[in-house]
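User: I would like to go through this structure step by step. Please answer a few questions about it.

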Amino acid sequence: MDGVLIGNRMVGTQSPVTIGWENIPKVEGGPVKQFVFTWFQPTVLFALLAFWYYAPNSIATASTAIGIGIGFRAFLMVLEWVNPRFKSWHLTWKELVTDLFYVGFTYTLLRIVDLYIGSDALIASAQQHLHLEKFAWFTGLPLLVQALAISLIFDFGQYWMHRGMHNWYPLWLPHSVHHYITQLNINKGAVGNPVELFLIGLGIGGLFDFVPRAFLLAGTFGLAVGTYQHINVRFNSPKWWRFLFTTTEHHSLHHSQDYESTRCNYAGSFIFIDRIFGTCIDGEAELLGMEGGRRMTVREQMTYPFTEGWKAIKERFGASPAAVPAE
Amino acid sequence: MNLRFIDWIWHVRGSLALAPGQSSEDAFEKLDPLFHEIGTSHERANGMLAFRKKDQPAQDKMAVFDSGVLRIEKGAAGSVLHYHLISRALLFCFVLVPLFLGIAQLTIVVGKYQKPPAEAATKKPAAKVAVVALNPIDKALGAPAPEKPRNGADKPGARNKKPSATSAYVFAGMFAVLYVIGRILEDWLVKRLFRKRLLGA
């Protein structure tokens, strides 16, 4: 298969990919549909930012944020039916059950783990040991500046964690499971080995939780930008949007069956971080997955990093050849 | 216990009358493309087709089933296709209901044993919130000023430090509904798929 040369890398030699915005299909339909699917993403982002900025304290709560998050995701699932990007990514009952199992896992068991040994515990510990009053200058900044800073710090950390996962075998093992998905849907971001879900949940943003409203604003970037990484909806995202933010196109390429294409677009929300570090490719892919599209069972998703890790350890430090009995 | 009384949970059985005059050979030929998907192996002999799927991709129209047997029998009213399909996904969804109910119980137990440190964790940072003042720009733009922290877990933007069993119960309910939908939907979809194939050109 002929590939496309981008810089010093050849992408799309193992599986078809589309490179360049000019080659990516546009939303089909009348002017109203075109308008809606062009301006939906920016409108939601700015509307949510305005909501969290001006909402009275009684409404600006964590539970409102959870409610909005669930409602927004449910709405996006409807959009997946209305305007799918690819028919081959159509959400089936089995995929929905598997995705929701991981969402449920994250919301319940993983939350308990996080509370005691994960990011919440680390933050509580850090708050006890660091003199956080020294960060008071930060909480005196305008809310939107704080929110943007929190999002950027978090996404910058996630970028390097994600890039590390693609470049260091012990981190790749838990992350690899997520790359066996063969289609993108709204809840696919939750699919992965629990070790990875735990690692990805570790964030340092919580260190700054002095001004809760700034956190709610920061969360908006995750919800109204990061969520689109895994979605089966065709948008005509405005140029400035796709320059700044990670889109489904970027992330689908990252999930391509073509190995070289997976080594790009690591950022979760702010694709310009990839642009800065030279790992951004503007393009998309329909054929996703690993090993030619083999879909792992949930059981294998749970055990794969451990079984493969054990194999790797045995290969490296394996028992020496059987001793030859002395004659 | 005879497993047959409960195996309807993950076994889908059904039958479909073939068109008058349609031979079993012709019927299997028409169904044949369904069993040439990635990860699917099948055997055909004596009016029977047995298939097995491993790591089938989501794009496989029969991805929800892992194995099955299709049999064509001749009756007085003509030939009938009988199928018996096995789905681990249906069983998985069914099992998720008690699993999440169990997680809810576990959350309650953990909450009881870990209550003191969890409460301590919520109180500590709350004291620091009191010193925060709104930036003049935000004041000018009309953003509400932060209020003094309350002792509740639901203060603005606060992380809920006490694990709640509610989400586990919600997911248990969701999977119960999803199971009922899936058991009816997948039964109907596979029948429609076979019918379309058999009647198709």
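Analyst: In chain B, a hairpin of two residues links strand β4(B) to strand β5(B). Helices (H or I, at least four residues) and strands (E, at least two) are DSSP runs, numbered from the N terminus. This is a predicted model, in which local features need pLDDT of at least 70 and side-chain atom pairs count only at pLDDT 80 or more, while totals for chains, interfaces and linings use all residues. Residues are numbered from 1 along each chain as its sequence is written, and chains are lettered from A and ligands numbered from 1 in the order in which they are written.

User: How many bridges join β4(B) to β5(B)?

Analyst: Two strands pair if DSSP finds at least two bridges between them. Strand β4 (residues 67-75) and β5(B) run antiparallel, and B:R71 stands opposite B:H82 in β5(B). The number of bridges that join them is nine.

User: Which residue in β5(B) is the bridge partner of B:A17?

Analyst: Strand β1 (residues 11-17) of chain B pairs with strand β5 (residues 78-86) in the antiparallel sense, over seven bridges. Within β5(B), B:G14 has B:Y83 as its bridge partner. For B:A17, the partner is B:V80.

User: What is the order of the strands in the open sheet of chain B?

Analyst: The sheet has five strands with antiparallel pairing. In general, strands of a sheet pair through backbone hydrogen bonds, either parallel or antiparallel. The order is β1-β5-β4-β3-β2.

User: Which are its edge strands?

Analyst: An edge strand here pairs on one side only. The two that do this in chain B are β1 and β2 (40-45).

User: What angle does the direction of helix α5 of chain B make with that of β1(B)?

Analyst: Angles run from 0 to 180 degrees between N-to-C directions, and axes are lines fitted to C-alpha atoms, for helices over the stretch in contact. Two residues are in contact if their C-beta atoms, placed from the backbone, lie within 7 Å. Helix α5 (residues 166-199) packs on the sheet and touches β1 and β5 of chain B. Its direction makes an angle with that of β1(B) of about 35 degrees.

User: Which residues of chain A are in contact with B:F100?

Analyst: Neighbours within four places in sequence are left aside. From chain B, the contacts of B:F100 are B:A168, B:F171, B:A172 and B:F175. From chain A, they are A:G104 and A:T108.
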